[in-house]
Amino acid sequence: MIDPLQYFAPTTLQQASSLLVQWGPRARMLSGGTALLPALERAQWSATAIVNLKTIPGLRELEFDPSDGLHVGALVTLAELQRSPIVRAHYPVLQETIAYVATPQVRNLATLGGNLCVATPTADLAIILLALDARVTVHRVGGKDTLSLDRFYPTWGGTQLAQGEILTGISIPPPRGSARYQRFMVRQAVDVPLVNFAIALEQQEGQISHARIVLGGSGPRPLRMIRAERALLGQLAGRETFARAIDLVIADAYPPDDLRASRAYRHELLRVLLRRTFSTFTTTDRANASF
Amino acid sequence: MPLFDIHLTVNNIPTKVAVRPQATLLDVLRDALGLMGTHEGCRVGECGSCTVLLDGKAVNACLVLAPDADGRTITTVEGLEQDGTLNALQQSFVKHGALQCGYCTSGMLMTATAFLGEQNNAVAEMQVREALAGNLCRCTGYTKIVKAILAAGNE
């Protein structure tokens with residue numbers, strides 16, 4: 001049973017922001033509610049005030065511009081993104097990734113902004129959006145600020161949001177090359193992955209001109225594998241280049257050693273899945289991406 | 001703590017309910033409106049037994065804060081019958097023996113209702129299984145539930 005609380009339905013960002021400042025750390029933002037309500041129910045989080053962001057108009061846009069990329073309002077639900085013809089056409093990997101998140105019922109409620117603010121180290125969408133160089137817009141007292149998702153997530157976990165600040169939108173630049181998301185779970189749905197990662201690669205005349213490798217669950221936030229990314233740049237896309245990058249990922253990855261799987265097992269799993277995923281970048285046959 | 005008046009349309013009937021701000025839609029349906037067909041399982045959005053349609057979309061009623069449901073349209077399992085008889089999907093569940101203890105059944109029916117409502121073409125088994133990813137059943141092993149939904153969708 002959730003403890004009694006005050007409920008507010010602001011209609012502007014300024015109102016919401018003031019309420020959050022006024023009530024301090026005991027206020028929680030409500031968007032989809034799919035993380036907030038279970039956390040309150042389990043008494044993992046406490047709150048004396050709920051500030052509903054869904055009563056604020058103008059945070060639901062979903063627009064694509066070929067030179068500018070995709071703009072997604074913070075309140076767009078995961079189901080809306082998954083069904084969007086724009087997403088299917090320009091960011092198919094994002095659509096594939098959303099299918100892994102939670103359940104169909106949860107995806108009908110959960111919002112992209114809320115999902116990113118929960119900031120789970122294994123979060124599917126944070127991982128793929130880091131690989132796609134996404135940026136977020138944050139409402140602050142006295143204006144708004146746009147920063148990379150990479151900066152939005154501090155190294156120690158959580159987000160950069162201070163009290164009263166609200167994530168209002170997500171921007172994804174035009175796709176560079178192609179990207180893959182890979183995840184291994186014991187159950188087929190609604191499970192914490194043992195290993196998950198995203199890779200984005202762009203090739204020009206066979207040489208790798210852009211690389212992103214983002215690994216989940218290997219620290220307090222999804223991590224860019226910077227050494228492996230650098231090792232790929234300027235190299236010919238092929239088995240030897242990929243093998244060097246994989247060795248660097250394994251060296252830098254520190255997955256948990258817990259009841260779900262040992263660290264040694266996760267390292268081995270990671271190596272196999274990285275090899276399979278990289279191999280799909282040298283062939284046009286996307287079917288090889290699955291296993 | 002003050003009560004909130006919210007307006008809901010539940011199974012086509014406009015309703016005004018006074019709710020505690022910390023109540024969930026599940027609490028409102030069961031405790032305030034007496035609609036016991038929506039079952040409470042995990043209360044944290046994992047089991048799917050409280051699935052209802054919110055503006056036509058399947059959601060976990062335990063994940064919707066009651067004041068946030070103001071102005072919305074809700075369909076529960078009690079809203080599926082037509083003229084006092086079970087609808088085609090419900091009859092398919094009966095015909096295929098798609099329930100044992102029955103606890104998950106109303107959630108299964110609501111998820112299947114939303115899923116079948118979105119389909120224009122013949123329905124494949126894999127689609128049904130993916131649609132049911134958020135509904136746990138601990139008795140049947142799902143086979144007969146999937147068969148019942150396939151039969152209702154492809155007849």
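Is A:Arg221 buried or exposed? A:Arg221 counts as buried at 6% relative accessibility, where buried means under 20% relative accessible area, exposed over 50%, and partly exposed in between (1.4 Å probe, protein chains only).

This is a predicted model, in which local features need pLDDT of at least 70, side-chain atom pairs count only at pLDDT 80 or more, and totals for chains, interfaces and linings use all residues. Residues are numbered from 1 along each chain as its sequence is written, chains are lettered from A and ligands numbered from 1 in the order in which they are written, and side-chain values use heavy atoms, with hydrogens and water left out.

A salt bridge is a side-chain nitrogen of Lys or Arg within 4 Å of a carboxyl oxygen of Asp or Glu. By this rule there are 22 salt bridges over all chains, including those in the table.

| Salt bridge | N to O distance |
|---|---|
| A:Arg221 and A:Asp150 | 2.6 Å |
| A:Glu202 and A:Arg176 | 3.0 Å |
| B:Asp55 and B:Arg72 | 2.7 Å |

A:Asp150, the partner of A:Arg221, is partly exposed at 28%. The two residues are 71 apart in the chain, with A:Asp150 in helix H9 (residues 149–152); helices (H or I, at least four residues) and strands (E, at least two) are DSSP runs numbered from the N terminus.

A:Glu202 is buried at 15%, whereas A:Arg176 is partly exposed at 41%. A:Glu202 lies in strand E10 (residues 195–204) of chain A, so its pairing with A:Arg176 ties together parts 26 residues apart in sequence.

In chain B, both partners are partly exposed: B:Asp55 at 43% and B:Arg72 at 25%.
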